[in-house]
Structures are given as C-alpha cells and as structure tokens.
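Here is a friendly walk through one model. Please have the sequence and the structure open as you read.

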Amino acid sequence: MAGKVVTVSSGKGGVGKTTATANLGTSLASLGKKVVVIDADIGLRNLDVIMGLENRIVYDLVDIVEGRSKLRQSMIKHKKFEHLYLIPAAQTRDKMSVSPEDMVKLTDELREEFDYILIDSPAGIERGFRNALEPADEVLIVTNPEVSAVRDADRIIGLIEAAEKGPGKLIINRLKTDLVERGEMLSSDDVFDILGLTIVGIIPEDELVLSASNSGVPVTLNEESKAGQAFNNVARRIAGEDVPFMNLNDNPGFFRRLVGLFNGK
Amino acid sequence: MQEELIAIKGMANGLLISLSTTENWQSVTDHLASRIDEQIEFYAGAHITVELGARPVPKYELSSLKALLERRGLKLSRVRSESDTTRRSAMALQVSTENNVGHNYRAALPAQETATTNPEESGTHGILFRRTLRSGRTIHSDGHVLVFGDVNPGAKVIAAGDIVVWGKLRGYAHAGAKGNESARVCALEMNPSQLRIAGHMVTSPPRKRSISAPAVALIRDNQIIVETRE
C-alpha cells in the first residue's frame, strides 16, 4: 500500500504548525504506523529541535535533493519510536534550493516505505509553501482561535483549493476555554462558521506542550496532558478512526449543545 | 450604428476584452485606453484575456497593448486568436494563448434574437461562482455576480451590475462599480466589511451581531440602506 502525504500548513506563523507536525508524527508512530516527517522550512529549521533530534543531523533535505546523500542515510530515526524518522531542513540555504518537483520526487520514493509522510510547511504563501503543497494528498490547516490566524488560514485554504488539493481539514490549536466562555476568544464554532472546513482536532492550551518541546520528549506520551491526548485523537482520526471530540469540560457551547441533546432540542 | 470597437465581459478569472477585428488598431487601442481610464478603479488589478479574432497582430502592436494595460495596473494574462501571427507575438511576449476558433462569443450571439426580445429578458451576462470566496480572492465582472457560498473577510467582489451572495457576505462588495445607482447587493447574511454601490460607500458598523436575515442593500435618497426580508 502506498503511503499518504499529509502537509501541515497555516499561513500565519507561530500558530503551532511545527508542534502539531511533531506530535502527529509521534502519535501516528504510537499507533504502529511507519512515519517520516519532513521539515520543509528551509533556512529556519526547528522540527528537529522540537523532536529532540538536532544533535543527530548529518545530512538534510537539500543534501538529498542535490544528490550529496542517499535518502536512507539522511533520515534520522527517533529515539523512542522505531518507525518514526525525520528529514531535517537545511539551515544554511533558502527555500529556492528545493523545487515543488523535487518534493514530489522525494515523497514518491518515501511512499513505498512509509504509511504517512508528514510535511511541515513554512509560514507564508510563497515558494516554501508551494514546495510543501505540491506533493500533498491531504492538507491539515492549523489555526488559532484568533481573527488574524483565521484570516490567514482562509487565504491559505483558497490557495489550496486553487491548487486542487483542497479543501483540507482543520486543527484548532491553543484554545483557551475560559476565554471562550467569557466571549474573549473565538470558539471552535466561530472558526468553523468562517472557514467551513471539517475540524479534525481541537487542541486546548496546555503548558505541558511547551515543556515537552523544550525537553524533546513528546507530549503525546504524557497522559496528564490534554493537548497531548487531543493530538493522539487527531492522529487516530487521520488514520480513519471515528473518535469523539474530547469534552473540554468548560466549553459552554459544547456543553450547552449536550444539554440541548438531552432535552431533545 | 457602427460596430462596437471593444466589448468587455467578466469571466471567473478576470475580464475578457474583445477587440474589433476590422477597425484601425490605433483607434481600437485608444478607445480601450479611454474606456479603462473612465473606470480605473473598477479595472485595477484585473487579469485580462484579450480576444483578437482573425486580426494578425505583430509583436510590437501586442507589446504596446500589453504596456497600455500594465500602465493602468491590469495584467495581460492570455490572448485568444485565430491568427498564427498573433499567437507567435503573444508567445514572444510570454503571454499564454488559445485558439478561439468557434469561441467568438460575439459571433455566437444570434443577432435577430437579441433584436426581438426585451433587453432585460435577453439577459445581462454575469459570473456564477460556486464556492466560498476566501480571503485574497477578487472577482471582477462587467455584469452581475452570483456567489453560491460565503464571501469571507479579505475577499472582494466588484461588479458593474448586481451582486447576489447565497451565503454570508463578510468581505468587500461593490455593485454598480461603473456608476449604476440602481445596482443592488443581496445576501443571506449581510455583514460586509465594506459595501459600495456606484459612488456610495458604507463601512461595517462595529456591532456585535450581524444581520442574519436575508437582506438587500440599495441606494435610496442618495445613501445606502439595508432592508431585511423576513
């Protein structure tokens, strides 16, 4: 069976694309899938840091594309998961060093061996984004429940649709339920109302994500972490399971809808 | 009446400008320039397909047409022609081409039929856009625009005629962009960031709740009003 290429994108920077990619990678690997994650953010690489693999980098994406290294020897194996690999970005080059065709060629080779090929797209709508989009079978759009992030996500979705890769699926990251309750943050319903995409994940704000990123230990392995468990749920949905959304308990919209259900409304 | 020197029509991805195939090139392009200058705001940023029919257009003529459009902020993205000379000129200028044999819409319009029906029934042309118009997209039409979907913040619809949004209007809409004060904007949810009809403009009042009933915006007593339909 040929593997699936899933590109993680957002438009706006800083919404948690790289964190989402890393966590989905570890979640899918814990489900027993063979996974490779590719950092397409050439020049600003950090997927390796979040995955705790920065010290093991010998070759990178540009080395592979330019033929200086073999694919096999360039992939870095994760410390905890046997079937999870990383192809890091080059830090000293720029996005023009790789073309969309290069990415298609590379991922076609990887499809033979892996179940999932996750690509961490850079922010923006330029070449780096095109590189990440071109080989995609499916696109995940990460956004925060903030007006500016949603606006940029909307722009990206338009481009994904224009490239006939769309419409993509949505991950709402860093939802603060107490702020939503006070009406100070967009709710997941508000985001859906604007973007109209299927939501595959609602990730609550969670400090454990930050400490996990700094320590390089995946938050998805931490059963205490709500965000970690939410990422695991996203991974299972991507793998085709029907997983109910977590009750983020203080989400009033969700709670009210449940009450409505019980009252037969 | 003399044959129209130029005809401008909206398409999903820009504007189609058909130039007379028989009139003197200079007078055709002069006429085009003045037509654009009259409505410079309407045309700004549009992607243009030029239909040149059977007229052979040498490279220098096409290049001056391209420059004429670019000076006004328009992009010549495509040339339709039946002439090999014209297509070679376009290729030399790196403008994509298509052979339009059989696609000349003016030739396709049966003349008698338009003469016998009333102008409203014979129809003004328009664009039907069948999905949500997302941030960064702009639709220009020389006729009407119908969107089956939402118009999101950051998206723009500019029409010389009416605009109908079968969905939520939350972006920018300009109806009657060439000065038609009887143009209207309709939407199932009327909450545009900015709404213009002909030369009039309103920006969205900072209110919490949008108008969720179907609404029509039109000009009355020299200002834009919004009527809801329950």
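## A helix pair in chain A

In chain A, helix α7 (residues 147–162) and helix α9 (residues 188–195) have axes that come within 10 Å and cross at roughly 35 degrees. Axes here are lines fitted to C-alpha atoms, for helices over the stretch in contact, with angles from 0 to 180 degrees between N-to-C directions. Helices (H or I, at least four residues) and strands (E, at least two) are DSSP runs, numbered from the N terminus.

On the α7(A) side, Val150(A), Ala153(A), Asp154(A) and Ile157(A) meet Val191(A), Ile194(A) and Leu195(A) of α9(A); contact means C-beta atoms, placed from the backbone, within 7 Å. By class, this contact has six nonpolar residues, no polar ones and one charged.

## About the model

This is a predicted model, in which local features need pLDDT of at least 70 and side-chain atom pairs count only at pLDDT 80 or more, while totals for chains, interfaces and linings use all residues. Residues are numbered from 1 along each chain as its sequence is written, and chains are lettered from A and ligands numbered from 1 in the order in which they are written.

## Ser141 in chain B

Now to chain B, where Ser141(B) sits in strand β7 (residues 138–141). Ser141(B) is buried because 27 other C-beta atoms lie within 10 Å, and the cut-off for buried is 20 or more.

Beyond neighbours within four places in sequence, Ser141(B) is in contact with Gly10(B), Gly126(B), Ile127(B), Ala159(B) and Ala160(B). The C-alpha atoms of Ser141(B) and Ala7(B) are separated by 13 Å, and the two residues are 134 residues apart along the chain.

Terms used: Two residues are in contact if their C-beta atoms, placed from the backbone, lie within 7 Å. Ala, Val, Leu, Ile, Met, Phe, Trp, Tyr, Cys and Pro count as nonpolar, Asp, Glu, Lys and Arg as charged, and the others, Gly among them, as polar. A residue is buried if 20 or more other C-beta atoms lie within 10 Å of its own, exposed if 12 or fewer, and partly exposed in between; C-beta atoms are placed from the backbone.
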